[in-house]
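User: Please take a close look at one part of this model, the place where the two chains meet. I would like the criteria stated along with the values.

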Amino acid sequence: MGKTIFDKIWDKHVVKIIEDGPSVVYIDKHLIHEVTSPQAFSGIEKRGVPLFRPAQIVATADHNVPTLHQELPIKDALSKFQVDTLIENCKKHGVELYGLGHQYQGIVHVIGPELGITQPGMTIVCGDSHTSTHGAFGAIAFGIGTSEVEMVFAAQCIMQSKPKVMRINIDGALKNGVVSKDIILYIIAQISASGATGYFVEYAGSAIRALSMEARMTICNMSIEMGARGGMIAPDQTTYDYMQGRMFAPKGAAWEEKLAAWKQLYTDADAKFDMEINIVAEDIDPMITYGTNPGMGLSIQGKLPTIESFGDVTEKQNYEKALKYMGLTAGQTLVGMPVQNVFIGSCTNSRIEDFRLVASIIKGKQKHPGIKTLIVPGSQEVAKQIKAEGLDKIFAAAGVEIRQAGCSACLGMNEDKIPAGEYCISTSNRNFEGRQGAGARTLLASPLTAAAALLTGKITDIREILN
Amino acid sequence: MQSLQKIKSRFIPLRIENVDTDQIIPARFLKATTKDGFGKNLFRDWRYENDNEAQPKADFVLNQKQYAGEILVAAKNFGCGSSREHAAWSIQDYGFKVVVSSFFADIFKNNALNNGVLPVTVTDAFLQQIFAVGANDTLTVDLEKQTITIDATGATEKFDINSYKKTCLLNGYDDIDYLLSMKTEIEAYEKENQS
């Protein structure tokens with residue numbers, strides 16, 4: 001029987017299978033950041049163990065950094081201490097750090113791919129659940145806890161059971177105004193926030209093949225939001241074109257050799273999946289979430305479910321709890337509802353293509369006066385590219401400030417927070433209670449839908465602007 | 001890591017689905033550089049009004065005096081979202097040794113096990129039976145036998161755990177000790193596979 005791409009890569013990285021236990025899996029690349037690494041560094045120090053393979057680790061500061069005046073010392077004492085601890089740990093243990101002020105600094109899942117660190121066939125981990133992003137290159141990439149960060153420090157391996165495999169096929173052509181963020185929000189709304197728990201997902205089909213690398217990363221990024229261990233897409237010419245010439249991508253003869261190996265990374269025709277889902281691209285409309293988990297999403301013209309549509313008492317109570325938090329009513333529509341904030345950023349949608357999309361909508365127009373914005377590029381490189389393409393002038397003319405790279409209001413660890421009770425159309429990945437600040441009400445959507453709200457001050461069907 | 005064998009305890013019923021790790025420990029508490037003291041901020045924004053410990057929310061189970069114990073019982077998909085191990089540290093530091101649910105998110109489950117907190121997955125029907133018993137009733141979780149029992153009714157269910165993890169928990173071993181003992185095999189793997 002044939003193998004899935006997941007099986008091919010996983011099997012190649014298994015050092016040992018423990019009987020009735022997990023497998024010892026070798027990790028090629030380990031990405032770290034300031035929030036989930038300090039306890040792992042102190043852990044190995046307490047054991048008196050050195051870092052096993054420091055050359056396979058790359059560090060950056062992203063979660064807990066300001067997005068204005070990064071050239072000045074961080075004001076918040078705890079944040080400063082955490083970022084300084086990363087600097088000190090990296091120096092002490094010989095880890096390459098792209099910290100604040102470095103030209104490569106940025107959100108860990110943005111810089112890995114753009115620097116060519118992320119490559120097909122690799123196993124990649126990071127103490128961050130959105131590590132699934134790197135799966136867009138045909139890598140097995142997933143988030144781990146800090147104990148596992150310590151394991152990789154100590155032995156370049158983790159211990160995990162092999163997950164089941166699921167394939168989601170999306171075939172057809174996307175409708176006007178529909179982008180990759182809508183595809184993944186649609187999938188999660190279909191199968192729920194726990195629908196892929198225990199699985200590793202492969203995305204396939206003609207609609208996926210037609211997407212750019214940036215768009216594929218958005219999809220793989222949110223795999224965790226349906227519970228999946230990770231998500232991946234087999235590499236193809238789009239992948240190789242994106243990678244070639246990037247800083248850490250192989251060059252010359254090494255490139256040719258790697259390329260030949262990467263071309264073997266696909267799911268065999270007779271491979272079996274534990275679960276398979278088929279989606280018609282034409283069925284997908286621009287999407288938006290209305291609740292407090294990413295599975296609570298609907299087509300932008302859709303109506304919120306009625307209370308009666310939930311059979312189970314606990315489900316009913318949970319839905320009512322979410323409605324109360326969001327200040328919404330069962331059965332209502334969302335289009336036309338005023339919003340106060342727009343956040344464009346996060347490891348889901350902060351790449352150059354996202355900024356091009358937003359710029360294409362706001363060009364020559366003005367931001368709605370009632371809207372406050374947080375517009376945050378994913379990396380210094382993205383910020384540089386925004387300037388090089390003159391997109392910064394379009395944003396400035398629209399009355400919108402572009403900030404400096406970091407995770408920002410996606411998780412509200414720094415000062416970029418949404419005030420309690422206010423709505424935010426956000427291109428990020430989670431609409432959990434309090435995620436963007438205590439009491440903040442998050443509506444997840446695509447960069448296009450966010451751009452539309454930026455202009456109108458309300459939830460808007462992007463197709464009304466495009467037509 | 002602390003070992004864990006058998007626990008008989010009252011429990012705290014948290015009838016909420018999809019409890020994400022942002023609720024278990026909000027991001028603003030992630031600025032710490034040690035693993036200590038997270039228990040006081042467990043479920044912080046569900047526990048207190050205005051982030052103020054002087055204003056406990058009366059409708060939240062951790063604030064209801066009739067409930068106590070070392071076992072947390074939650075509705076399905078517990079621990080979804082962020083991979084922050086701070087969630088497991090908060091639960092452990094608060095004093096929970098076992099979390100029961102009909103469904104756990106993958107990363108949380110691993111994080112809990114790596115901190116000596118046992119995630120016990122039960123059927124939906126059994127979960128409802130637990131929620132139905134009184135605040136003074138106890139549950140017995142026996143790791144050796146892999147059973148969970150509602151002591152008042154005698155209802156018992158078996159739960160899954162692989163024998164490797166079970167041995168680790170029973171004895172308080174952790175994965176890093178195991179991996180360090182495999183150094184030679186890992187080096188051999190590298191020699192064979194480095195291109």
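**The interface of chain A and chain B**

Analyst: In this predicted model, Asp106(B) and Arg229(A) join their side chains in a salt bridge, with N to O at 3.3 Å. A salt bridge here is a side-chain nitrogen of Lys or Arg within 4 Å of a carboxyl oxygen of Asp or Glu. Between chain A and chain B the count is 7 salt bridges.

On the side of chain A that touches chain B, at least two residues each come from helix 1 (5–13), strand 1 (14–17), strand 2 (23–26), helix 2 (38–47), helix 3 (77–93), helix 5 (146–155), strand 8 (157–160) and helix 11 (313–326). Helices (H or I, at least four residues) and strands (E, at least two) are DSSP runs, numbered from the N terminus. Helix 5 of chain A gives the largest share of that side, 7 residues. By residue class, the side of chain A divides into 23 nonpolar, 25 polar and 18 charged. Nonpolar covers Ala, Val, Leu, Ile, Met, Phe, Trp, Tyr, Cys and Pro; charged covers Asp, Glu, Lys and Arg; the others, Gly among them, are polar.

As for extent, 66 residues of chain A and 54 residues of chain B take part in the contact, which is defined as heavy atoms within 4.5 Å. The size of an interface is often given as the accessible area lost when the parts come together. Chain A and chain B bury about 5,000 Å² between them, with 55% of it on carbon and sulfur atoms. In chain A, the residues that lose the most area to chain B are Gln39(A), Arg47(A) and Met159(A), together 11% of what that side buries. Buried area is the accessible area (1.4 Å probe) that two parts lose on being put together, summed over both.

Residues are numbered from 1 along each chain as its sequence is written, and chains are lettered from A and ligands numbered from 1 in the order in which they are written. Because the model is predicted, local features need pLDDT of at least 70 and side-chain atom pairs count only at pLDDT 80 or more, while totals for chains, interfaces and linings use all residues; side-chain values use heavy atoms, with hydrogens and water left out.
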